[in-house]
Amino acid sequence: MTTLAHLETFVEVAGLGSFAAAARQLDLPRSTVTARIKALEEELGVALFQRTTRQVRLTVEGEAYREKVQPALRDLEEAGEQLKSAQAPQGMVRVSVPVDLPLDVLAEAMASFNLRYPEVRIEVHVSDRPVDLTGERFDFALRGNRVASESVIVRKIASSFLVLVARPELMEEASFGELLTSGRVIDPAEVLVEAGQGGGAPVYRTRNLQLALALVLNGGVAGILPKSMCAEFLADGRLVEAACPVDLPELPLFAVLPSRRFIPKRVRLLVDHLASAFG
């Protein structure tokens, strides 16, 4: 007999594309996950997954089944959330954040949120890869780029202006033009390239803001970085802000949520809390 547990297990395997990953996520033995899927397939009389040694994929029938089951499970979850919405928030919030997010700010925000809402648990995945919010069951993601999709809700929660920074001694020995010509300006957001100010071949090239900041602090290059990330070092004099011939844009931070009728109270509260922390 098909139970809610069978359906939840099916959706988890479908979203993660792995029996082992689904078992870890559900905190179940892999044998239990396998047995539930086998029982579901036997009851339905169809194969829901194509299994190989390397991957697990939905069959055509499996994909059609997921399109029916996943919204139904979401509706059941939302019905429960609505009943509990008047109570103190509780439960799990799963968040995907980019590698370059200031993790010290995130950690401080999580700690203060936990003091305020001790019954809410937060699971954070740090990665720059695109995520399927619904399929991977993330409640929301923080991203630096606006996501253009009708299937998501995008809310701008913060922004930081880019600035040109360097060690004081570096700016004393060379002008910006000289640094640019010699390739000693690191530009993770590629602002200079877009403005047609590429200069010489860069000594260093990276999209990672944390690594770029470390290279600037090491003294050999100037960098175009978020001012919020450099605030501590500008304040104590380890870095100085310099004039840049290119207009430097802001670097936004968006909260991306699955587009659905009901967003759990705990999720809304955490998004608001992070907007306050990063804003």
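Of the 279 residues of the chain, 39% count as buried, where buried means under 20% relative accessible area, exposed means over 50%, and partly exposed lies in between, using a 1.4 Å probe and protein chains only. This is a predicted model, in which local features need pLDDT of at least 70 and side-chain atom pairs count only at pLDDT 80 or more, while totals for chains, interfaces and linings use all residues. Residues are numbered from 1 along each chain as its sequence is written, and side-chain values use heavy atoms, with hydrogens and water left out.

**Overall layout**

The chain has 11 helices and 10 strands; these are DSSP runs numbered from the N terminus, with helices being H or I of at least four residues and strands being E of at least two. The radius of gyration is 24 Å, well over the 19 Å that the globule rule gives for 279 residues, so the chain is more spread out than a compact globule. That radius is taken over C-alpha atoms, and the rule is 2.2 Å times the number of residues to the power 0.38. Along the principal axes, the C-alpha atoms fill a box of roughly 75 × 45 × 35 Å. Among contacts in the chain with a separation of 6 or more, 72% are between residues 24 or more positions apart, contact meaning heavy atoms within 4.5 Å.

**Nonpolar cores**

In soluble globular proteins, nonpolar side chains tend to be buried together. Here a nonpolar core is a set of buried Ala, Val, Leu, Ile, Met, Phe, Trp, Tyr and Cys residues joined through side-chain atoms within 4.5 Å. The largest such core has 23 residues, and Phe 140, Leu 142, Ile 157 and Leu 274 touch the most other members. At least two residues each come from S3, H5, strand S5 (140-143), strand S6 (152-166), strand S10 (250-258) and H11. H11 gives the most, with 6 residues. A second, separate core holds 17 residues, including Ala 23, Ile 37, Leu 48 and Leu 73.

Take Leu 142 as a case: leaving out residues up to four places away in sequence, Leu 142 touches Ser 96, Val 97, Pro 98, Leu 101, Ile 157, Leu 253, Phe 254, Ala 255 and Leu 274.

**Pocket and cavities**

On a 1 Å grid over the protein atoms alone, a cavity is a set of points where a 1.4 Å probe fits but cannot get out, whereas a pocket is an open set with protein on both sides within 12 Å along at least five of seven lines; lining residues have an atom within 4 Å of a point. Grid points are joined across faces, edges and corners, and a volume is the space filled by probe spheres set on the points.

The largest pocket has a volume of about 1400 Å³. Of its 47 lining residues, Asp 100, Gly 144, Leu 209, Leu 251 and Pro 252 are the closest to its centre. Two or more lining residues come from each of several elements, among them helix H8 (191-194), helix H9 (209-218) and helix H10 (227-235).

The structure also holds 2 cavities of 30 Å³ or more. The second largest cavity has about 30 Å³ of space and is lined by Val 95, Val 97, Leu 106, Met 110, Ile 122, Val 124, Phe 140, Leu 270 and Leu 274. Strand S3 (91-97), helix H5 (103-116), strand S4 (120-126) and helix H11 (265-278) each give two or more residues to this lining.

**Some single residues**

Phe 113 lies in helix H5 and counts as buried at 0% relative accessibility. Leaving aside neighbours within four places in sequence, Phe 113 is in contact with Val 120, Ile 122, Arg 266, Leu 269, Leu 270 and His 273. Phe 113 and Leu 270 are 157 residues apart in sequence, yet 7.3 Å apart in space, C-alpha to C-alpha. His 273, in helix H11, is buried at 17% relative accessibility.

Arg 66 sits in helix H4 (residues 60-84) and counts as buried at 16% relative accessibility.

Two loop residues have positive phi without being glycine. Arg 137, with phi near 60 degrees, is in the loop between S4 and S5. Glu 190, at about 55 degrees, is in the loop between strand S7 (185-186) and H8.
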